[in-house]
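Here are my notes on the model you sent over. Have it open while you read, and go through the points in order.

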Amino acid sequence: MMNCNCGSGKMYVLCCGVAHQTLENVKTAEQLMRSRYTAFTLAKGDYLMESHHISTRPVSEKEEIVAWAKSVEWVELKIVSISKGLVTDTEGTVSFKAYFKENGNLNFIEENSSFVKENGKWYYLGFA
């Protein structure tokens, strides 16, 4: 059994694996952020689309996103800050840095992500 790629220190099956089974298992914006990072590391395009809010979902870019996710070596996720996004909230933001190696060079994505909860499910909206 593997440790979860999100850096929680938990086993994948007890961490992001639970989220990847169904969005109903995601309880906070941070948990969704972590599960989306892990989905990138595992190139889970269907989950990336499902967990992206319908109003901003880049369906036409799914294959390109998956191809890119497979082409890089994922290194680490660092959560920088969290605002709201708790179990009782309906919106929240998570700032993060996701480190990866591409063509031998260490790079990172830095984003302040916006999340919304609708009908009991958290979704990624985009940049906050």
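Is Asp46 buried, partly exposed or exposed? Asp46 is exposed, at 56% relative accessible area. For the cut-offs, buried means under 20% relative accessible area, exposed means over 50%, and partly exposed is in between, with a 1.4 Å probe and protein chains only.

1. Ground rules. This is a predicted model, where local features need pLDDT of at least 70 and side-chain atom pairs count only at pLDDT 80 or more, while totals for chains, interfaces and linings use all residues. Residues are numbered from 1 along each chain as its sequence is written, and side-chain values use heavy atoms, with hydrogens and water left out. Helices (H or I, at least four residues) and strands (E, at least two) are DSSP runs, numbered from the N terminus.

2. The Asp46 salt bridge. The side chain of Asp46 meets that of Lys62 in a salt bridge, at 2.2 Å from N to O. This pair links distant parts of the chain, with Lys62 in helix α4 and Asp46 in helix α3, 16 residues apart. Lys62 is partly exposed, at 23% relative accessible area. A salt bridge here is a side-chain nitrogen of Lys or Arg within 4 Å of a carboxyl oxygen of Asp or Glu.

3. The other salt bridges. Searching the whole structure gives 4 of them. One joins the side chains of Glu24 and Lys121, at 3.3 Å from N to O. Glu24 sits in the loop between α1 and α2 and Lys121 in strand β4, so the pair ties together parts that are 97 residues apart in sequence. Both ends are partly exposed: Glu24 has a relative accessible area of 40%, and Lys121 comes in at 22%. Glu91 and Lys84 also meet through their side chains, at 3.6 Å from N to O, and Glu91 is partly exposed at 43%.

4. Helix α2. This helix covers residues 29-41, 13 residues in total, and reaches 19 Å from its first C-alpha to its last. That is close to the 18 Å expected at 1.5 Å a residue, the expected span being 1.5 Å times one less than the number of residues. Of its 13 residues, 10 are buried, so α2 is largely enclosed by the rest of the structure. Among the buried ones are Leu32, Met33, Arg34, Arg36 and Tyr37. The buried residues of α2 pack against α1, α3, β1, β2, β3 and β4, where contact means heavy atoms within 4.5 Å. After the helix comes Ala43, with a positive phi near 55 degrees.

5. The core. A nonpolar core is a set of buried Ala, Val, Leu, Ile, Met, Phe, Trp, Tyr and Cys residues joined through side-chain atoms within 4.5 Å. The largest one has 32 residues, and Val26, Leu32, Met33, Tyr47, Trp74, Leu77 and Phe115 touch the most other members. At least two residues of this core come from each of α1, α2, α3, α4, β1, β2, β3 and β4. α2 gives the most, with 5 residues. Have a look at Trp74 too: leaving out residues up to four places away in sequence, its contacts include Tyr37, Phe40, Trp68, Tyr99, Phe100 and Ile109.

6. The sheet. Four strands make an open sheet in the order β1-β2-β3-β4, with antiparallel pairing; two strands pair if DSSP finds at least two bridges between them. β1 and β4 stand at the edges with a single partner strand each, so one side of each is left without a neighbour in the sheet. Neighbouring strands are turned by 30 degrees against each other on average, direction ignored. α2 packs on this sheet, touching β1, β2, β3 and β4, and its direction makes about 165 degrees with that of β1. Axes are lines fitted to C-alpha atoms, for helices over the stretch in contact, and angles run from 0 to 180 degrees between N-to-C directions.

7. Strand pairs and hairpins. β2 and β3 are joined by 12 bridges, and Lys97 stands opposite Glu110 in β3. Their hairpin has 2 residues between the strands, and Asn103 there takes a positive phi near 55 degrees. β3 and β4 are joined by 6 bridges; Val116 has Tyr123 of β4 as its bridge partner, and Glu118 has Lys121. The hairpin of β3 and β4 also has 2 residues between the strands, with Asn119 at a positive phi near 50 degrees.
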